[in-house]
Amino acid sequence: MWAWGAAAGGGRGTGGLSILDSLPGEFSGPSFADWHADGAWTYQVTSVGERADQVQWLADRVRAVLFDRTANGWRTEVEVPRMRVIDRELTVDPGGDPVDGSQGDIVSYVQRFTVTVTPA
């Protein structure tokens, strides 16, 4: 599990935290002994904060890191030894909790991403 966050403060996008978890894999198709089989891993990013705008800002940053493109390809490369990433998919993005955080609530925003690879 990894966590990262923004500095505390009152502005938009500050004071939140994002937690990265790998989820249990589901496997089908060729056996693990088949070196030509593709693989897919799913990760969940949970952004938490005191206000909805904080977690929305963090969720926007997560999407930008994984899905923004430049003229030369992906903005951020996903490096997997001896593999080539062939797909990046946002599989869950329901939005944040319908709580504004004004009463000291904790607001969360859950996203799940699947990264698919094939042997290089």
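## The fold at a glance

Start at the N terminus and the elements of the protein chain run β-β-β-α-β-β-β-β. That comes to 1 helix and 7 strands, where helices (H or I, at least four residues) and strands (E, at least two) are DSSP runs, numbered from the N terminus.

A quick word on what you're looking at: this is a predicted model, where local features need pLDDT of at least 70, side-chain atom pairs count only at pLDDT 80 or more, and totals for chains, interfaces and linings use all residues. Residues are numbered from 1 along each chain as its sequence is written, and side-chain values use heavy atoms, with hydrogens and water left out.

## Inside and out

Of the chain's 120 residues, 26% count as buried; buried means under 20% relative accessible area, exposed over 50%, and partly exposed in between (1.4 Å probe, protein chains only).

Now for contacts (heavy atoms within 4.5 Å). Take those between residues at least 6 apart in sequence, and 59% of them join residues at least 24 apart.

## Salt bridges

The whole structure holds 4 salt bridges, each a side-chain nitrogen of Lys or Arg within 4 Å of a carboxyl oxygen of Asp or Glu. In one of them, Arg 63 pairs with Asp 93, with the closest N and O atoms 2.8 Å apart. This pair ties together distant parts of the chain: Arg 63 sits in helix 1 (residues 52-67), while Asp 93 lies 30 residues away in the loop between strand 6 (83-92) and strand 7 (107-119). Asp 60 joins Arg 63 and Asp 93 in a network of salt bridges.

Arg 75 also bridges to Asp 68, at 3.3 Å between the closest N and O atoms. Arg 75 is partly exposed at 41%, and Asp 68 is partly exposed at 34%.
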